[in-house]
Amino acid sequence: MEITLRKVTDKNYQAISDLSVDQSQNLWVAPNSKTLLQAAYEPELNVMAIYQEENPVGLLLYDYDTDMGGWTLSRFMIDKHHQHKGIGRIALNKFLIFFHNKYPTEKLYTSAETDNFPAQTLYEQFGFEKKEEFSYINDGINFCEVKMVKKHF
């Protein structure tokens, strides 16, 4: 299984936008259409498409987040039809290698909803450590997340 990270372009953005998570995961992951729209107007956001062979199967976004105090993997999703196949694990590993090569001395932060145990477990398996819980309101919805950091690559 070949998994690659690619740029989002005018040729693949619609296919990436159409990817989605299971309805039970909707409060954990922003829709790709929102992520792509934000990235189009906020140049500090770096979005990448996740491909299996020649098929788009996911998306990730990383940026420098002043609230988190460093580089952050802000969005990471695998389409509901491609979950539980090891794609997320491979894509995360490839992203971590990419990130470390680009920013060899930087820590990487991420976060997950406090009830999103699958994401927390995945991140911990890749060396992220839980730091603290925090809450915020977005679009009238209260979110409670756990901040995680990867210090060593």
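# A first look at this predicted model

- Helix 2 spans residues 32-41, and its buried residues are N32, T35, L36 and A39.
- Viewed down the axis of helix 2, these buried residues fall within an arc of 95°, so they line one face of the helix.
- What lies over the buried residues of helix 2? The cover includes helix 1 (13-18), strand 2, strand 3 and strand 4.

**The nonpolar cores**

- In soluble globular proteins, nonpolar side chains tend to be buried together.
- The largest nonpolar core here has 26 residues, and those with the most contacts inside it are I50, L60, F76, L92, F95 and Y123.
- Two or more residues of this core come from each of strand 2 (46-52), strand 3 (55-65), strand 4 (70-78), helix 3 (87-102), strand 5 (108-113), helix 4 (117-125) and strand 7 (141-150).
- Helix 3 gives the largest share of this core, with six residues.
- A second, separate core has 13 residues, including L19, V21, L36 and A39.
- Which residues does Y123 touch, once its neighbours within four places in sequence are left aside? Y123 is in contact with L73, F76, L92, T110, S111, F128 and M148.

**Helix 3**

- Helix 3 has 16 residues and reaches 22 Å from its first C-alpha to its last, close to the 22 Å expected at 1.5 Å a residue.
- Its buried residues include I87, G88, A91, L92, F95, L96 and F99.
- Down the axis of helix 3, the buried residues fall within an arc of 160°, so they line one face of the helix.

**Aromatic rings**

- A pair of aromatic rings is described by the distance of the centres and the angle of the planes.
- The structure has 13 aromatic pairs.
- In one of these, the rings of Y62 and F95 have their centres 5.3 Å apart and their planes at 50°, so the pair is tilted.
- Y62 belongs to strand 3 and F95 to helix 3, so this pair ties together parts that are 33 residues apart in sequence.
- Both partners are buried: Y62 has a relative accessibility of 3%, and F95 has a relative accessible area of 0%.
- Are the ring planes of Y64 and W71 stacked or edge-to-face? Their centres lie 5.6 Å apart and their planes are at 85°, so the pair is edge-to-face.
- Y64 is partly exposed, with a relative accessible area of 42%, whereas W71 is buried at 14%.
- Ring pairs link Y62, Y64, W71, F95, F98, F99, Y103 and F153 into a cluster.

**Charges over rings**

- R6 lies over the face of Y51, at 4.1 Å from the ring centre.
- K150 lies over the face of F153, at 5.1 Å from the ring centre, and F153 also belongs to the ring cluster described above.

**Residues to find in the loops**

- E53 sits in the loop between strand 2 and strand 3. Its phi is positive, about 55°, although E53 is not a glycine.
- E53 is partly exposed, with a relative accessible area of 38%.
- H84 sits in the loop between strand 4 and helix 3. The phi of H84 is near 65°, again a positive value in a residue other than glycine.
- Is H84 buried or exposed? With a relative accessible area of 82%, H84 is exposed.
- G69 is found in the loop between strand 3 and strand 4, where it counts as partly exposed at 45% relative accessibility.
- Apart from neighbours within four places in sequence, G69 is in contact with Y64 and Y109.
- From C-alpha to C-alpha, G69 and F143 are 19 Å apart in space, and they are 74 residues apart in sequence.

Methods: Residues are numbered from 1 along each chain as its sequence is written. This is a predicted model: local features need pLDDT of at least 70, side-chain atom pairs count only at pLDDT 80 or more; totals for chains, interfaces and linings use all residues. Side-chain values use heavy atoms; hydrogens and water are left out. A nonpolar core is a set of buried Ala, Val, Leu, Ile, Met, Phe, Trp, Tyr and Cys residues joined through side-chain atoms within 4.5 Å. Buried means under 20% relative accessible area, exposed over 50%, partly exposed in between (1.4 Å probe, protein chains only). Helices (H or I, at least four residues) and strands (E, at least two) are DSSP runs, numbered from the N terminus. Contact means heavy atoms within 4.5 Å. The expected span of a helix is 1.5 Å times one less than its number of residues. The arc is that of the directions from the helix axis to the C-beta atoms. Rings of Phe, Tyr and Trp (its six-membered ring) pair if their centres lie within 6.5 Å; planes under 30 degrees apart count as stacked, over 60 as edge-to-face and the rest as tilted. A charge sits over a ring if NZ of Lys or CZ of Arg is within 6 Å of the ring centre and within 35 degrees of the ring normal.
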